[in-house]
Amino acid sequence: MASEIFCNRWTALVLRELLCGTTRFNELRRGVPRMSPTLLSKRLKELEEAGVIAAVPTGQHGVMDYKLTEAGEDLRGIVMSLGFWGQRWVESTLSLKNLDPGLLMWDMRRNLQPTPLPPRRTTINFIYPEMRPDRKSWWLVVDREKVDLCLTDPGYDVDLYVSCPLRSMTAVWMGVAKLNSEVEAGRIKVTGDSSIARSMQQWLGLSPFAQGQRAVV
């Protein structure tokens, strides 16, 4: 019965998003971009019926907050273990085949560490030159503890430009490659505020699973 709840397609990824603090339907869609809205609605309903989540009205018409119950929170260890297993045993060449800039940037947004950045609004423009025009530029706007992700130019002065192939940034994020090595090799180009550039490894952070030791390459 537990397998019937947890092992349906996409359920583990939906739970990952909820465990990372996502509560709204549209934000869940950004975290699992290849899942159809219809299937996401179905999975949320199933998790609610199983007592894993609770749908809480927000006061906005048709908008719900999806909150983990005690039973849902109790799945954290299983979901994290699955991620660390993947980091250890799934070949990085396979992981780096199916790249998605939206998913990468969404994950970077929620794991960014604002403390090393200046105590003011900071705008960082990530550019993936090989992507189509509407997926090429992404902006992270950091204002103290608040981090926003923009796909259109927010209109602020840019403090730092980061230009590189999507594969290079994904490899760094996964812990497969080192940021400094990618910069020194010229695969990642960083221009702008030198102090923000120097502290990039500290504020960028990494995937929660990046520290897992790999058994395959």
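**Reading contacts, cores and salt bridges**

Colleague: Which residues does M169 touch, leaving out those up to four places away in sequence?

Modeller: Contact means heavy atoms within 4.5 Å. By that rule, and not counting residues up to four places away in sequence, M169 touches L104, M108, F126, Y128, V162, C164, I188, M200 and L204. This is a predicted model, in which local features need pLDDT of at least 70 and side-chain atom pairs count only at pLDDT 80 or more, while totals for chains, interfaces and linings use all residues. Residues are numbered from 1 along each chain as its sequence is written, and side-chain values use heavy atoms, with hydrogens and water left out.

Colleague: How many residues has the largest nonpolar core, and which have the most contacts inside it?

Modeller: A nonpolar core is a set of buried Ala, Val, Leu, Ile, Met, Phe, Trp, Tyr and Cys residues joined through side-chain atoms within 4.5 Å. Buried means under 20% relative accessible area, exposed over 50%, and partly exposed in between (1.4 Å probe, protein chains only). Here the largest core holds 31 residues, and F126, Y128, M169 and W203 have the most contacts inside it. At least two residues of this core come from each of α8, β3 (121-127), β4 (137-143), β5 (146-150), β6 (160-163), α10 and α13 (200-204). The most come from α10, which gives 6. Another core lies apart from this one; it has 18 residues, among them F6, L15, L19 and V32.

Colleague: How do strands β1 and β2 run?

Modeller: Two strands pair if DSSP finds at least two bridges between them. Strands β1 (residues 53-57) and β2 (residues 64-68) run antiparallel and are joined by 5 bridges. A55 has Y66 in β2 as its bridge partner. The two strands form a hairpin with 6 residues between them, and G59 in the turn has a positive phi of about 95°.

Colleague: How many salt bridges does the structure hold?

Modeller: Side chains of opposite charge can pair when their charged atoms come close. A salt bridge is a side-chain nitrogen of Lys or Arg within 4 Å of a carboxyl oxygen of Asp or Glu. The structure holds 13. One of them joins D100 and R135, at 3.2 Å from N to O. This pair links distant parts of the chain: D100 is in the loop between α7 (92-95) and α8 (101-111), R135 is in helix α9 (residues 133-136), and they are 35 residues apart. D100 is buried at 16% relative accessibility, and R135 is partly exposed at 22%.

Colleague: Where do R110 and D107 lie?

Modeller: Both are in helix α8, 3 residues apart, about one turn of the helix. R110 is buried at 19%, as is D107 at 16%. R16, E17, D107 and R110 are linked in a network of salt bridges.

Note on methods
Helix = DSSP H or I, 4+ residues; strand = E, 2+ residues; numbered from the N terminus.
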